[in-house]
Amino acid sequence: NNKEMNVQLSGMTCAACATRIEKGLNKMEGVTSANVNLALEKSTITYNPEEVSERDVKAKIESLGYGVIEEK
Ligand code: 9UX
């Protein structure tokens, strides 16, 4: 069963940034959909937890050069 996660982002400065993150996440094994809202600096990612973890997804965002805001 797929799960959904919401990640608050930082570091996006243009619309292409949002697209870069979406493309990067969408090509990960186990990610079924990734949507980034530039204005809200939020992303919603649907993934299969048997194939990829929340931590992997966040690490990918960081490897693309953007920040992940940890919620408390
Ligand atoms: Mo353009 Mo957004 O280089 O980083 S994609 S500002």
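Valine 31 stands opposite tyrosine 47 in S3, and that pair is a handy way into this predicted model. Some ground rules come with the numbers. Residues are counted from 1 along each chain as its sequence is written. Since the model is predicted, local features need pLDDT of at least 70, side-chain atom pairs count only at pLDDT 80 or more, and totals for chains, interfaces and linings use all residues.

**The overall build**

The chain has two helices and four strands, in the order β-α-β-β-α-β from the N terminus on. These elements are DSSP runs numbered from the N terminus, with helices (H or I) of at least four residues and strands (E) of at least two. The radius of gyration is 11 Å, which agrees with the value near 11 Å for a compact globule of 72 residues. That radius is taken over C-alpha atoms, and the globule rule is 2.2 Å times the number of residues to the power 0.38. Along the principal axes, the C-alpha atoms fill a box of roughly 35 × 30 × 20 Å.

Of the 72 residues, 21% count as buried. Here buried stands for 20 or more other C-beta atoms within 10 Å of the residue's own, exposed for 12 or fewer, and partly exposed for anything in between, with C-beta atoms placed from the backbone. Contacts are pairs of residues whose C-beta atoms, placed from the backbone, lie within 7 Å. Among the contacts with a separation of 6 or more, 59% are between residues 24 or more positions apart.

**How the strands pair**

Two strands pair if DSSP finds at least two bridges between them. The pairings are set out below.

| Strands | Sense | Bridges |
|---|---|---|
| S2 (residues 31–37) and S3 (residues 42–47) | antiparallel | six bridges |
| S1 and S3 | antiparallel | six bridges |
| S1 and S4 (residues 67–69) | antiparallel | three bridges |

Elsewhere along S3, glutamate 4 faces threonine 46, while asparagine 35 faces threonine 44.

S3 also shows two faces.

S2 and S3 form a hairpin with four residues between them. Glutamate 41 counts as partly exposed because it has 17 C-beta neighbours inside 10 Å.

**The nonpolar core**

A nonpolar core, in this report, is a set of buried Ala, Val, Leu, Ile, Met, Phe, Trp, Tyr and Cys residues joined through C-beta atoms within 7 Å. The largest one has 13 residues, and those with the most contacts inside it are Leu25, Val31, Ile45, Val57 and Ile61. At least two residues of this core come from each of S1 (3–10), H1 (15–26), S2, S3 and H2 (54–63). S2 gives the most, with three residues.

Back to valine 31: leaving out residues up to four places away in sequence, it touches Leu25, Asn26, Ile45, Tyr47, Val52 and Val57.

Threonine 32 lies in S2. It is partly exposed because 15 other C-beta atoms sit within 10 Å. Not counting residues up to four places away in sequence, threonine 32 touches Asn2, Thr46, Tyr47 and Asn48. Threonine 32 and valine 7 are 25 residues apart in sequence, and their C-alpha atoms are 15 Å apart in space.

Glutamine 8 is in S1, standing opposite isoleucine 69 in S4. With 13 C-beta neighbours inside 10 Å, glutamine 8 is partly exposed too. Again not counting residues up to four places away in sequence, glutamine 8 touches Glu41, Lys42, Ile69 and Glu71.

**Around the ligand**

Which residues surround the ligand? They are Thr13, Cys14, Ala16, Cys17 and Arg20, where a residue is near a molecule or strand if its C-beta atom, placed from the backbone, lies within 6 Å of it. This shell divides into three nonpolar, one polar and one charged.

Notes
Contact = placed C-beta atoms within 7 Å. Nonpolar A, V, L, I, M, F, W, Y, C, P; charged D, E, K, R; others polar.
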